[in-house]
Structure formats: structure tokens, C-alpha cells
Amino acid sequence: MKLVVGLGNPGEQYADNRHNLGFMVADELARRGKASAPREKFGASLSEATIAGKRLLLCKPLEYMNVSGQAVARVA
């Protein structure tokens, strides 16, 4: 299983911001890979998807981008 991290900032005010491109990519991978419903764990929103026969763990940290490495470390 591969860990794919989409970086961005949480909250509606950042939803369509260019700095949330990582979240948008993770959402598109989730859509294409028919991902499981997201669950919150380790300070991140996590879901599993399969794309091209590869299992992916999609991670969207629930912390602001400048401290998201802490959540990524906990997930990893």
C-alpha cells in the first residue's frame, strides 16, 4: 500500500484556493479509485482507494499546511 498525501488547509474558506491543490488531487484520486468513506484518525482524513491495481491510502491532514508534517508522520 502506498501513502498519498494531499496538502492543503482545512476549512471552507480555503476550499477553492490554489494552495489546496493537494486536497483537490486527493479528492480526484478518491473519486477515480472509488475510495472508502473517509475517516478521521491521527489528525488526518484517511480513505483507501485502488487505482491501476495499486492500493492507496489517501491522506488529507486536518492541520494547517505549515504543521501538517506532524499528522503525516503519525499516519506513516
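This is a predicted model: local features need pLDDT of at least 70, side-chain atom pairs count only at pLDDT 80 or more; totals for chains, interfaces and linings use all residues.
A charge counts as sitting over a ring if NZ of Lys or CZ of Arg is within 6 Å of the ring centre and within 35 degrees of the ring normal. With that in hand I checked lysine 60, which lies over the face of phenylalanine 23, at 5.2 Å from the ring centre.

Residues are numbered from 1 along each chain as its sequence is written, and side-chain values use heavy atoms, with hydrogens and water left out.

**Strands.** I took helices (H or I, at least four residues) and strands (E, at least two) as DSSP runs, numbered from the N terminus. Two strands pair if DSSP finds at least two bridges between them. I looked up β2 (residues 39-41) and β3 (residues 44-51): they run antiparallel, joined by three bridges. Lysine 41 stands opposite alanine 44 of β3. The two strands make a hairpin with two residues between them, and phenylalanine 42 in the turn has a positive phi of about 60°.

Next I followed β3 on to β4 (residues 54-61), also antiparallel, with eight bridges. I found glutamate 48 bridged to leucine 57 in β4. This hairpin too has two residues between the strands, and alanine 52 takes a positive phi near 55°.

**Aromatics.** How many aromatic pairs does the structure hold? I get one. Rings of Phe, Tyr and Trp (its six-membered ring) pair if their centres lie within 6.5 Å; planes under 30 degrees apart are stacked, over 60 edge-to-face and the rest tilted. Tyrosine 14 and tyrosine 64 have ring centres 6.1 Å apart and planes at 80°, so I logged the pair as edge-to-face. Tyrosine 14 is in the loop between β1 (2-5) and α1 (21-32), and tyrosine 64 is in the loop between β4 and α2, 50 residues apart.

**Exposure.** Buried means under 20% relative accessible area, exposed over 50%, partly exposed in between (1.4 Å probe, protein chains only). Tyrosine 14 is partly exposed because its relative accessibility is 26%. I put tyrosine 64 down as partly exposed as well, at 41%.

Then I turned to glutamate 40, in strand β2. Is glutamate 40 buried or exposed? Its relative accessibility is 67%, so I wrote "exposed". I also noted that glutamate 40 and leucine 62 are 22 residues apart in sequence and 8.6 Å apart in space, C-alpha to C-alpha.
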